[in-house]
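Work through the exercises below with the sequence and the 3D view open. Try each task before reading its solution.

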Amino acid sequence: SDGPGLRDPILGDGYIPGGSEAVMFAPYGHGELLLPPGRYQAWASRGPEYELGVVDFEVDGSQRLDLELQVVRSVDTSGWISADFHVHAQPSHDSGVTPPERVFTMACEHVEFLVSSDHDFITDYRPVIEDVEMEQWLTAAVGLEVTPIEYGHFIGFPLVHDYLEMNGGAFDWAGLTPDDILDGLRDLGDNGTEDPVTFVAHPRDGILGYFDQYGLDLWIDPENGLGP
């Protein structure tokens, strides 16, 4: 809080958005950080339904410092569930977060229901949640993000996880049309329940967006509704 950041990428320090010196997730309510000497401000958060806990402190490098921060719930969401339907972890090629760490990040930011959507890999977080004793805070559904290279990504849940398959039972999208992919996601559903929910991920994301790649134009006519 009294000068430029102390993290130095030349020395191997990783980048943290927002200019923070360190970030820690505390799923059980406590944790430890190692910081160089200096003046700091600590922020504790638990998602948008809670107020921030904030405290100023100073590290002099000679002794341990104990801080206590409290987050107070100020938004009443009775009858609602906070959820994240697009979640990646280590099974995806673009994530280095382990499944237990992903559960911790969700719980710490008050996500109560998460859907796995790893790229071309079906993940089941339910046994992970049980192993790390987070059942009190959140639950999960099994999902999948089918990830073609140039015509969009597609997500479906809840799906069946096949523990005998290397990729959890995800199918090969090569040569399939978007309709084929959506049908394939529905085919992975549990026959004893309703059809899976399917949706297009980041539809306007250039090369990864289905709507952009197929030139979908949804301009609005104020008198007649959607245009051609």
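The exercises concern a predicted model, and each task is followed by a worked solution.

**Exercise 1. The largest nonpolar core**

Task: Find which residues touch the most other members of the largest nonpolar core, and which elements give two or more residues to this core.

Solution: 
- Step 1. The largest nonpolar core has 15 residues; those that touch the most other members are Val103, Met106, Leu114, Tyr125, Ile129, Met134 and Leu138.
- Step 2. Two or more residues come from each of helix H1 (99-108) and helix H2 (126-131). H1 gives the most to this core, with four residues.
- Step 3. Take Leu114 as one of the core members. Leaving aside residues up to four places away in sequence, Leu114 touches Asp84, Val87, Met106, Tyr125, Leu138, Thr139, Ala140 and Ala141.
- Step 4. There is also a second, separate core of 14 residues, with Tyr151, Phe154, Trp173 and Leu188 among them.

**Exercise 2. A histidine in a loop**

Task: Is His119 buried or exposed, and which side chain does its own side chain join in a polar contact?

Solution: 
- Step 1. His119 is placed in the loop between S4 and H2.
- Step 2. With a relative accessible area of 8%, His119 is buried.
- Step 3. The side chains of His119 and Thr147 are joined by a polar contact of 2.9 Å.
- Step 4. Not counting residues up to four places away in sequence, His119 touches His88, Ser92, His93, Asp94, Glu145, Thr147 and His153.

**Exercise 3. Salt bridges**

Task: Count the salt bridges, and work out which residues are linked in a network.

Solution: 
- Step 1. The count comes to six salt bridges.
- Step 2. Arg64 and Glu32 meet through their side chains in one of them, at 3.2 Å from N to O. Arg64 is in the loop between S2 and S3 and Glu32 in the segment before strand S1 (38-44), so this pair ties together parts that are 32 residues apart in sequence.
- Step 3. Arg64 also forms a salt bridge with Asp66, where the closest N and O atoms are 2.9 Å apart. Glu32, Arg64 and Asp66 are therefore linked in a network of salt bridges.
- Step 4. Arg64 and Glu32 are exposed, and so is Asp66.
- Step 5. Arg73 pairs with Glu49, their closest N and O atoms being 2.5 Å apart.
- Step 6. Arg73 is partly exposed at 40% relative accessible area, whereas Glu49 is buried at 10%.

**Exercise 4. A surface patch**

Task: Which residues make the nonpolar surface patch of about 340 Å²?

Solution: 
- Step 1. The patch is made by Trp43, Leu52 and Val54.
- Step 2. Val54 belongs to strand S2 (residues 53-59), and counts as partly exposed at 46% relative accessibility.

Conventions. Residues numbered from 1 in each chain as written. Predicted model: local features only at pLDDT ≥ 70, side-chain atom pairs only at ≥ 80, totals over all residues. Heavy atoms only, no water. Core = buried A, V, L, I, M, F, W, Y, C linked by side-chain atoms within 4.5 Å. Buried < 20%, exposed > 50% of the residue type's maximum accessible area, 1.4 Å probe, protein only. Contact = heavy atoms within 4.5 Å. Patch = residues over 30% accessible without salt bridge, like charges linked within 9 Å, V, L, I, M, F, W, Y side chains within 5 Å. Areas by Shrake-Rupley, 256 points an atom, 1.4 Å probe, with all protein chains shown as cover. Salt bridge = Lys/Arg side-chain N within 4 Å of Asp/Glu carboxyl O. Polar contact = N/O pair within 3.5 Å; in protein donor to acceptor, adjacent residues only side chain to side chain.
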